[in-house]
Amino acid sequence: MKSQVRGGTRWKRFAVVMVPSVAATAAIGVGLAQGALAASFSISGQEFKVKANSLVGTDFVQYGSVDAGKDLEGKDFAAPVAVSGFSEAWITNMCQSVVTPKVPFIGDVTLRLEAGTDAVKTGKDEDKVYAKGIYLDVSELKADAEFTNIDIGVAAGALPKSPGKPGIQPNTKANPYGFGQRAEQATLNNVQQKAWATTAGTFKLPDLHLSLHRGTDAECY
């Protein structure tokens, strides 16, 4: 997937309780932006759902940010997000869905994407969805999570444990002094999440199946 760039902001003290995206053990208070949000990273006006049997990622980092865009009526909006980054991630039995409401003459339409389903039976990495240099902008997460060598309360600007590892996404103007956390590995099972955006340097989807459905019954959950 093609990486995208988030816009800059002017920061002041402002606390938001957010659920950690693909990883964290508790809600986090994060300094978020106030002021004009640049549109260099523009998200669509729709959240999408993701469900997976498991996600295993290395060099996990997480910090707070704001995504901006226009809703389906063309009005400006901003969404607080928990951004999680991984050097690499392997996902078993991934389902992604998004609903476009009120399509003329049709009604609601659900786009559903499935991949990595064979990994449920084989357990092989080559059958799993694979991502390299992935960042997830998440508004809600439910999962059973386990972290290896986790550091909670790290300044966001100091997240990488070593050069070349994930930190604040390049060209992102997240607050470098805000709350962050990191771990050598994150393992999440029974994942259900809502997200605004996903970016990755490499995204491989074995056994990909994309389908369109009338109504909302085909959502991933």
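Predicted model: local features only at pLDDT ≥ 70, side-chain atom pairs only at ≥ 80, totals over all residues.
Lysine 128 is placed in the loop between helix H1 (119-122) and strand S8 (129-148). Threonine 110, for its part, has its place in strand S7 (residues 107-115).

- Lysine 128 has a relative accessibility of 17%, and because buried means under 20% relative accessible area, lysine 128 counts as buried.
- When neighbours within four places in sequence are left aside, the residues in contact with lysine 128 are Trp90, Ile91, Thr92, Gly116, Ala119, Gly123, Lys204 and Pro206.
- Lysine 128 and aspartate 207 stand 79 residues apart in sequence, while their C-alpha atoms are 9.1 Å apart in space.

- Threonine 110 is buried, and its relative accessible area is 0%.
- A polar atom of the threonine 110 side chain lies 2.6 Å from the backbone oxygen of glycine 215.

**Aromatic pairs and a cluster**

- The count of aromatic pairs comes to 4.
- In one of them, phenylalanine 60 and phenylalanine 86 have ring centres 5.6 Å apart and planes at 40°, so this pair is tilted.
- Phenylalanine 60 belongs to strand S4 (residues 48-70) and phenylalanine 86 to strand S5 (residues 76-92), so their pairing ties together parts that are 26 residues apart in sequence.
- Both partners are buried, since phenylalanine 60 has a relative accessible area of 0% and phenylalanine 86 has a relative accessibility of 1%.
- Phenylalanine 77 and tryptophan 196 form an aromatic pair that is likewise tilted, with 5.3 Å from centre to centre and 45° between the planes.
- Because phenylalanine 77 lies in strand S5 and tryptophan 196 in strand S10 (residues 179-199), that pair ties together parts that are 119 residues apart in sequence.
- Tryptophan 196 counts as buried, at 15% relative accessibility.
- One aromatic cluster is formed by Phe60, Phe86 and Phe147.

**A lysine over a ring**

- Lysine 49 lies over the face of tyrosine 221, at 4.9 Å from the ring centre.

Methods. Residues numbered from 1 in each chain as written. Heavy atoms only, no water. Helix = DSSP H or I, 4+ residues; strand = E, 2+ residues; numbered from the N terminus. Buried < 20%, exposed > 50% of the residue type's maximum accessible area, 1.4 Å probe, protein only. Polar contact = N/O pair within 3.5 Å; in protein donor to acceptor, adjacent residues only side chain to side chain. Contact = heavy atoms within 4.5 Å. Phe/Tyr/Trp six-rings, centres within 6.5 Å; stacked < 30°, edge-to-face > 60°. Lys NZ or Arg CZ within 6 Å of the ring centre and 35° of its normal.
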